[in-house]
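Welcome, and please open your viewer. We will walk through the structure stop by stop, with something to select at each one.

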Amino acid sequence: MPRTFDLPTELASSLAGPAAAWRFVERFATHLGAPVEATDGCTEEELAAAEQRLGLRLPDALREAYGRFGRRFDLFGGQEQWIPLEDVEVEDGVLVFLAERYWYWAVGIPVAQAVDDDPPLVTDATPGDPVAAVWQPMADRFSAAFVESVLNGNLLCDDMGGMRREMMPGDLERVERELTPMPPFEDGPEEDGCRWYAGPDVLVCVDRTDPDVQLGWICVRAFNRQALDGMCGALRGDWTYTMNY
């Protein structure tokens, strides 16, 4: 595959705002052989119908994301999945548009901030239960979280959804030595969140969000099986396909 898509450079540039995020996703999909087409988004009529049903205008960035990519479930069909436009709902004052595939958690935009150009996101581990709902800040910009959602959830990479295992001593030093650290996509202290690292054909996420795992998880995504096998071979351990956990 020609080296026309430099992943670390493209990914760093994607964080400049919504327009940069759309450009990254379009180039990402093209590089992986599935270009975004004009018919891949929801129509204006569908967007208007959703807004009428919800009784509010969709945030501009979310509206444009559905308008560009709303039918591309191969971009968001992994462990975390975008909710079809017709099923988007408001729960406890939050416009919920993304959820873990078994609904262990959900992500949305506070309705009170829906008018922001690039609104913040919140997350909750009890979706559908307004009594237990505790929405916590997740990301300060929709566009950055959108890019991360594609990295996590796309089914275009030839890696079966990626691999993951618990972190072991020495993993982080090896990753930082061989890959380029990316700016954070989400809010919060680095020691309690996720940090991405990129190479020419591989992405590694160091995920410290699980309080039950001492050092956290290390997750690998790759454009092709050779890159996946190479990274997992360099970081030896008991790897599991992410989609299977």
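Which residues form one aromatic cluster? Select Trp-22, Tyr-66, Phe-69, Phe-76, Trp-82, Phe-97, Phe-142 and Phe-146, and you have it on screen. Rings of Phe, Tyr and Trp (its six-membered ring) count as a pair if their centres lie within 6.5 Å; planes under 30 degrees apart are called stacked, over 60 edge-to-face, and the rest tilted.

Before moving on, note that this is a predicted model, where local features need pLDDT of at least 70 and side-chain atom pairs count only at pLDDT 80 or more, while totals for chains, interfaces and linings use all residues. Residues are numbered from 1 along each chain as its sequence is written, and side-chain values use heavy atoms, with hydrogens and water left out.

**Stop 1: helix α2**

Select residues 18–31, helix α2. Helices here are DSSP runs of H or I with at least four residues, strands are runs of E with at least two, and both are numbered from the N terminus.

Now colour Ala-20, Ala-21, Trp-22, Phe-24, Val-25, Phe-28, Ala-29 and His-31, which are buried. Buried means under 20% relative accessible area, exposed over 50%, and partly exposed in between (1.4 Å probe, protein chains only). The buried residues of α2 pack against α1 (7–13), α4 (60–69) and α5 (142–153). After the helix comes Gly-33, with a positive phi near 85°.

**Stop 2: Arg-63**

Go to helix α4 and pick Arg-63. Is this residue buried or exposed? Arg-63 has a relative accessible area of 11%, so it is buried. Show its neighbours: leaving out residues up to four places away in sequence, Arg-63 touches Glu-44, Leu-47, Ala-48, Glu-51, Arg-57 and Leu-58, where contact means heavy atoms within 4.5 Å.

**Stop 3**

The structure holds one cavity of 30 Å³ or more. On a 1 Å grid over the protein atoms alone, a cavity is a set of points where a 1.4 Å probe fits but cannot get out; a pocket is an open set with protein on both sides within 12 Å along at least five of seven lines, and lining residues have an atom within 4 Å of a point. Grid points are joined across faces, edges and corners, and a volume is the space filled by probe spheres set on the points.

The largest cavity has a volume of about 40 Å³. Among the residues lining this cavity are Tyr-66, Phe-69, Phe-76 and Trp-82, and those four also belong to the aromatic cluster.

Next, select the second largest pocket, with about 160 Å³ of space. Its lining includes Cys-42, Glu-46, Arg-53, Arg-71 and Glu-86.

**Stop 4: ring pairs**

The count comes to 18 aromatic pairs. Select Phe-5 and Phe-223, a tilted pair at 6.1 Å centre to centre with 50° between the planes. Phe-5 sits in the segment before α1 and Phe-223 in the loop between β11 (217–222) and α7 (225–234), 218 residues apart. Both Phe-5 and Phe-223 are buried.

Finish with Phe-185 and Trp-196, whose ring centres are 6.4 Å apart with planes at 85°, so the pair is edge-to-face. Phe-185 lies in the loop between β8 (180–181) and β9 (194–198), and Trp-196 in strand β9. Phe-185 is buried at 4% relative accessibility, and Trp-196 is buried at 2%.

How values were computed:
Expected span 1.5 Å × (residues − 1).
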